[in-house]
Amino acid sequence: MSETRSSLAAAPPAGLLAQHLDRLRAALAEAPFDVFVAGSPANVAHATGYRSVAGELFRAHQMAAVVTPDDVVLVCPVADAAPAADAGMAADTIVHYGRFFFEVADGSGLSAPPVDQHGDLAAALATALGRIGATARLGLDIEGLGASWPAVEAALPPGSVVVDASAWAKQVRARKLPAEVELLRQAARLAEEGIDRAILKAGPGITERELAAEVAHAMVAGGGSPRFVVVTSGPRSALADATPTDRQLAGGDLLRFDVGCVLHGYWSDIGRTAVVGDPDQLQQRRYEAIYAGEQAQLELVRPGVTARELFDVAVETVETHGLAPYRRHHCGHGIGREVYEPPIIAPSYDTPLEPGMTFCFETPFYELGWGGMMVEDTLVVTEDGCQMLSSSDRSLRVVPW
């Protein structure tokens, strides 16, 4: 076991859920509503500590969490009843809906969750709200509830005052706790370790798919769940989010990595570029330009700087270093329980940064018919700048040929 892996957390830090609830309830005390209803998988996990595998894969597998100053109730398909209990939720804090069958072994002391207790999420949520007496001002994660929202709205208690709390919920999660920052650092390290292993393996006859397998293996071996493994080479390196193929590496190829995994619910998103053999002058010059753009972001970032200012400095610096025009829709994004969290580093975001916010900064470049390159890193905003959460070599890497 490597030194890096031995330091990774085998489980979420004890007490993290309690810290989340403390922060959530402190925000609730200042909000224009008395009860918060989470709907997105990220918000539900943040409020309950329970991550549903199916809920993160299928939007039709809808869940909710009701949060008050004194209670937290999970509303979920009955298929989640057993794993939610295994994750530590008490049976009387779960309201089920739908049909799924668990058999129970004799003498286990367990009981099967009720089937068809409610027909759908809306009916189960109405029961949960009635159970805790929530009938007044409700803050709902309407964006997270998605297609379920019309039915949920129709089933709310009469007289309810509804506030759209979708943006509010994301804002509550924007400033990360120290334990969350550490999980993001560990998730980033798994992605970096995968890239490092793949670059070491790269050589004549090696395919994109074989290199992607190296990346994924490192993530899984370290306890992460691979979410995207973009390994593209030669002209294919310009294809942005393309899947790896059986294309074999050739001398002079650009080799671009854009990879991420999830560790205990927290994402990584790391980008690196290599060249097979010594880089030519154009490859070197263009990489120096995009590197300078990301470096300018890292030198500017501090509390009070806006996301738009970070976008502008990245674009201007890349162009100043000879890669012009440099056209981008964004040059980074927030990251946490979701791979893209606001604010996005883009012209339309005037959001001032705050200590504890976590981001990916990136300056990719794609030219169809030539190739693509990128450098992307994770960081946390501190009181006077930032702290890098990724730590591997950011230079244009060279694969011996």
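Visitor: How do you count nonpolar, charged and polar residues?
Guide: Ala, Val, Leu, Ile, Met, Phe, Trp, Tyr, Cys and Pro are nonpolar; Asp, Glu, Lys and Arg are charged; the others, Gly among them, are polar. This is a predicted model, where local features need pLDDT of at least 70, side-chain atom pairs need 80 or more, and totals for chains, interfaces and linings use all residues. Numbering starts from 1 along each chain as its sequence is written, and side-chain values use heavy atoms, without hydrogens or water.

Visitor: How many cavities of 30 Å³ or more?
Guide: The whole structure has 3. A cavity is a set of points on a 1 Å grid over the protein atoms alone where a 1.4 Å probe fits but cannot get out, and its lining residues have an atom within 4 Å of a point. Points join across faces, edges and corners; volume is the space filled by probe spheres on them.

Visitor: What lines the second largest cavity?
Guide: L24, F36, N43, H46, A47, A169 and R173. The space is about 40 Å³. By class, the lining has 4 nonpolar, 2 polar and 1 charged residues.

Visitor: New topic. At what angle do α2 and α3 pack?
Guide: About 105 degrees, with axes 7 Å apart. Axes are lines fitted to C-alpha atoms over the stretch in contact, and angles run from 0 to 180 degrees between N-to-C directions. The two helices are therefore roughly perpendicular, a label for 65 to 115 degrees.

Visitor: Which residues make the contact?
Guide: L17, H20, L21 and L24 of α2 meet H46, A47 and T48 of α3. Contact means heavy atoms within 4.5 Å. By class, that is 4 nonpolar, 3 polar and no charged residues.

Visitor: What about the largest pocket, what volume?
Guide: About 500 Å³. A pocket is an open set of points with protein on both sides within 12 Å along at least five of seven lines. Of its 27 lining residues, P12, L17, T48, G49 and Y50 are the closest to the centre. α2 (16–30) and α3 (41–48) are the elements giving two or more residues to that lining.

Notes: Helices (H or I, at least four residues) and strands (E, at least two) are DSSP runs, numbered from the N terminus. Angles under 35 degrees count as roughly parallel, over 145 as roughly antiparallel, 65 to 115 as roughly perpendicular and the rest as oblique.
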